[in-house]
Every structure is written in structure tokens, then in C-alpha cells.
Amino acid sequence: MKLKTLIARNCRVQALPEDLSKLEKLEGLYLDNNKITQLPRGIYKMKNLSVLSLRGNSITKIPDTICHLQKLAFLDLRGNNIPAENIAEVQALLPGCKIYY
């Protein structure tokens, strides 16, 4: 599939399917204002992802496997409950990425 952008804002999404990683050409993923508590493991296979917006969810931790998203330029984590030390880890793993928290 050649989908470049997926927007699912304000959809009351609680979990993301593992199949999401099959969208290998995806560059922008906007999942703002849902009820997501964690990222699916497969999201880190999305090597072309440059924008990941997770604003206003219920995420408490970003796993270190996010380092596989080397093209990620913008990460919006505002409105989640992610501890400062986890944010610092993500910043160290993705030094070229602009992170909002």
C-alpha cells in the first residue's frame, strides 16, 4: 500500500493494530486525542515515518525501540503522562528529531 499519511484524530482509539507496520511507505501518522496507552511494537518498522503525533493520549512510556525511526523529524507527545526521564531518553535516541512534550 502506498499510503503516505494517516490521520485518526479524536476517534476514541484505544489500541493500534500490529498490522500498522505494514504501511511501510507511511510518512505521517497523526493519532491525536485518542485513548492510546502504548505504541504497538510494529510501529518501529515504519522506516519512512517522519511525523508522529500522539498528542492527548494516555501514553506513559515511549520504548527505546523508537530509535529505529531514524527519519523521524517531528514527535508530538504533549498531553500524555510520560516522565521527564523517558523524554530525555527519547531525545538522546533521536537527536535530530523535534520533540514536543
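**Reading loops, a sheet and a ring pair**

Modeller: Asparagine 80 lies in the loop between β4 and α1 (84-93). Those labels follow DSSP runs (H or I of at least four residues for helices, E of at least two for strands), numbered from the N terminus. This is a predicted model, in which local features need pLDDT of at least 70 and side-chain atom pairs count only at pLDDT 80 or more, while totals for chains, interfaces and linings use all residues. Residues are numbered from 1 along each chain as its sequence is written, and side-chain values use heavy atoms, with hydrogens and water left out.

Colleague: Is asparagine 80 buried or exposed?

Modeller: Relative accessible area decides that: under 20% is buried, over 50% exposed, and in between partly exposed, with a 1.4 Å probe and protein chains only. Asparagine 80 is at 13%, so it counts as buried.

Colleague: Which residues does asparagine 80 touch?

Modeller: A contact means heavy atoms within 4.5 Å. Leaving aside residues up to four places away in sequence, asparagine 80 touches Leu54, Arg55, Gly56, Asn57, Ser58 and Ile59.

Colleague: Which backbone nitrogen does its side chain reach at 3.0 Å?

Modeller: For a polar contact, look for a pair of N or O atoms within 3.5 Å; within protein, one must be able to donate a hydrogen and the other to accept it, and residues adjacent in sequence count only if both atoms are side-chain atoms. The side chain of asparagine 80 reaches the backbone nitrogen of isoleucine 59 at 3.0 Å, and that of serine 58 at 3.4 Å.

Colleague: Where is asparagine 57 found?

Modeller: In the loop between β3 and β4. Asparagine 57 is buried, with 6% relative accessible area. Its side chain reaches the backbone nitrogen of isoleucine 36 at 3.1 Å, and a polar atom of that side chain lies 2.9 Å from the backbone oxygen of leucine 54. Among the residues that asparagine 57 touches are Asp32 and Asn80.

Colleague: Where does aspartate 32 lie?

Modeller: Aspartate 32 is in the loop between β2 (28-30) and β3, and is buried at 7% relative accessible area. Its side chain reaches the backbone nitrogen of arginine 55 at 3.1 Å. The residues touched by aspartate 32 include Ala8, Ser53 and Asn57.

Colleague: What order do the strands of the sheet have?

Modeller: Strands of a sheet pair through backbone hydrogen bonds, either parallel or antiparallel. Here the pairing test is at least two DSSP bridges between two strands. The open sheet has 5 strands in the order β1-β2-β3-β4-β5, with parallel pairing. β1 (5-7) and β5 (98-100) are at the edges with a single partner strand each, so one side of each has no neighbour in the sheet. Strands β3 (residues 51-53) and β4 (residues 74-76) pair over 3 bridges, and leucine 52 has leucine 75 in β4 as its bridge partner.

Colleague: How many aromatic pairs does a search of the whole structure find?

Modeller: It finds 1. Rings of Phe, Tyr and Trp (its six-membered ring) pair if their centres lie within 6.5 Å; planes under 30 degrees apart are stacked, over 60 edge-to-face, the rest tilted. Phenylalanine 74 and tyrosine 100 form a tilted pair, 5.2 Å centre to centre with 50° between the planes. Phenylalanine 74 is in strand β4 and tyrosine 100 in strand β5, 26 residues apart. Phenylalanine 74 is partly exposed at 25%, as is tyrosine 100 at 30%.

Colleague: What sits over the ring of tyrosine 100?

Modeller: The charged end of lysine 98, 5.3 Å from the ring centre. The rule asks for NZ of Lys or CZ of Arg within 6 Å of the ring centre and within 35 degrees of the ring normal.
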